[in-house]
Amino acid sequence: MGYKVTIEQGSLEFSVNAQENLLNAALQAKINLPHGCKSGSCGACKCKVTHGDIELEEYNKIALSDDDIANNYILLCKASAHSDVILDIPGFTNGFPIKTMPSKIESIDKVGSVAILKLKLPANQIFEFYAGQYIDIIYEGKNRSYSIANSPTSKGIIELHIRYRQGGVFSEAAWQTLTINQILRFKGPMGNFTLQNTTKPALMVCTGTGFAPIKAILEQMIAENNQRELHLIWGNFTAEDFYLTEILPVWQNQLNLKVTLCTNDKTEGYYTGMVTDYIQESFNDLNQHEIYACGNPAMIENLYNIASSQLKLDKRNFYSDVFTPSI
Ligand code: FES
């Protein structure tokens, strides 16, 4: 049976059946509701139900607390409808339309264990996105999500960072079989990991190729001459796992940016330990900060817990994009 879901902001509507979650139904209807992990872990899809009967599947309590439940908040990625529903999503605008588009591989550069793939977009089609959003590459019948690593100011190009993962459907292809000028289809833009319009100092925290959307956001800030106080804290297992580090000093000349690279190896010039160790050691009050975090789910959960419970971060100022690797 189908139900109608209405979003108060913008009076948008979409339909959903009782077997699917509200987030998937909205994305199918090309309504780009806020989301991140799609698995009940990050809280990015949290919103309020002002009318209707909802059932929630299992989720992480960090993403949705008992207080939230008592106040009629839900996670869209874990919610199914048993009646018509009205959602309250403050500040929501539908953003740019989600499109499925062809692209042509312009270059594949392998830097250590990361392939930097540049896709050229068709000259006769418009593709708009916000810095920090992601796309799904459609390859051999499967969708694989990758953050866009360039800002929208680089017109006609999409840059992706693909870590080599043995047996990974698209990762193996990027390393072994994809060729220049090959056509790849993708769907996007999606996601809400975007810079907020404030002047608060921001920690940009990432692990591995979680650097990609942060690169896009920083490039956008350079284009806008945004001089907000920033601290990039980037972690990798070893010093060899970092890539594109040559652009960091260039950014430091253009932005109000401090950079800390963290690795488990003892390497001169690098902090030894995890990004969360560094943050715990270096800060004692993040009450006036925002945190933008992108990387593996364990890091994001750990960082959220440390920042909100020990370092006084206002939970509303934590923005995350969770990477869940898929084969
Ligand atoms: S909790 Fe729903 S998208 Fe992350």
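A search of the whole structure finds 0 disulfides, a disulfide being a pair of cysteine sulfur atoms within 2.5 Å. Cys206 is in no disulfide, and the nearest cysteine sulfur, that of Cys294, is 7.2 Å away. This is a predicted model, in which local features need pLDDT of at least 70 and side-chain atom pairs count only at pLDDT 80 or more, while totals for chains, interfaces and linings use all residues. Residues are numbered from 1 along each chain as its sequence is written, and side-chain values use heavy atoms, with hydrogens and water left out.

**Cysteines and burial**

- Cys206 has a relative accessible area of 0%, so it counts as buried; buried means under 20% relative accessible area, exposed over 50%, and partly exposed in between (1.4 Å probe, protein chains only).
- Cys77 is buried as well, with a relative accessible area of 6%.

**Strands around β7**

- Helices (H or I, at least four residues) and strands (E, at least two) are DSSP runs, numbered from the N terminus.
- Strand β1 (residues 2-7) runs parallel to strand β7 (residues 85-88), and 3 bridges join them; two strands pair if DSSP finds at least two bridges between them.
- Within this pairing, look for Ile7, whose bridge partner in β7 is Leu87.
- Strand β3 (residues 46-51) also pairs with β7, here in the antiparallel sense and over 3 bridges.
- The bridge partner of Lys48 in β7 is Asp88.

**Thr6 and Glu13**

- Thr6 has its place in strand β1, and its relative accessible area of 18% makes it buried.
- Leaving aside neighbours within four places in sequence, Thr6 is in contact with Leu12, Glu13, Val85, Ile86 and Leu87; contact means heavy atoms within 4.5 Å.
- Glu13 is found in strand β2 (residues 12-17) and, at 46% relative accessibility, counts as partly exposed.
- Not counting residues up to four places away in sequence, Glu13 touches Lys4, Val5, Thr6 and Ile31.
- Glu13 and Val85 are 72 residues apart in sequence, yet 9.8 Å apart in space, C-alpha to C-alpha.

**The open sheet**

- Follow the order β11-β10-β13-β8-β9-β12 to trace an open sheet of 6 strands with antiparallel pairing.
- The edge strands are β11 (142-147) and β12 (157-163), each of which pairs on one side only.
- From one strand to the next, the twist averages 40 degrees. For the angles here, axes are lines fitted to C-alpha atoms, for helices over the stretch in contact, and angles run from 0 to 180 degrees between N-to-C directions.
- Inside the sheet, strand β10 (residues 134-139) and strand β13 (residues 183-190) pair in the antiparallel sense over 4 bridges.
- Asp136 has Lys187 as its bridge partner in β13.

**Helices on the sheet**

- Helix α3 (residues 169-176) packs on the sheet, touching β8 (99-111), β9 (114-120), β10, β11, β12 and β13, and its direction makes about 105 degrees with that of β12.
- α3 is mostly covered, with 6 of its 8 residues buried: Val169, Phe170, Ser171, Ala173, Ala174 and Trp175.
- The cover over the buried residues of α3 includes β8, β9, β10, β11, β12 and β13.
- Helix α4 (residues 211-223) lies across β11 and β12, running at about 150 degrees to β12.

**Helix pairs**

- Two packed helices are described by the angle between their axes and the distance between the axes.
- α4 and helix α5 (residues 247-254) pack at an angle of about 35 degrees, with their axes 10 Å apart.
- α4 passes α5 in a left-handed crossing; a crossing is left-handed if the near helix is turned anticlockwise from the far one by less than a right angle, and right-handed if clockwise.
- Where do α4 and α5 meet? Phe211, Lys215, Leu218, Glu219 and Ile222 in α4 meet Ile247, Leu248, Trp251 and Gln254 in α5.
- Helix α6 (residues 275-282) and helix α7 (residues 297-309) pack at an angle of about 15 degrees, and their axes are 10 Å apart.
- That makes α6 roughly parallel to α7, since angles under 35 degrees count as roughly parallel, over 145 as roughly antiparallel, 65 to 115 as roughly perpendicular and the rest as oblique.
- The crossing of α6 and α7 is right-handed.
- Val275, Thr276, Ile279 and Gln280 in α6 meet Met299, Asn302, Leu303 and Ile306 in α7.
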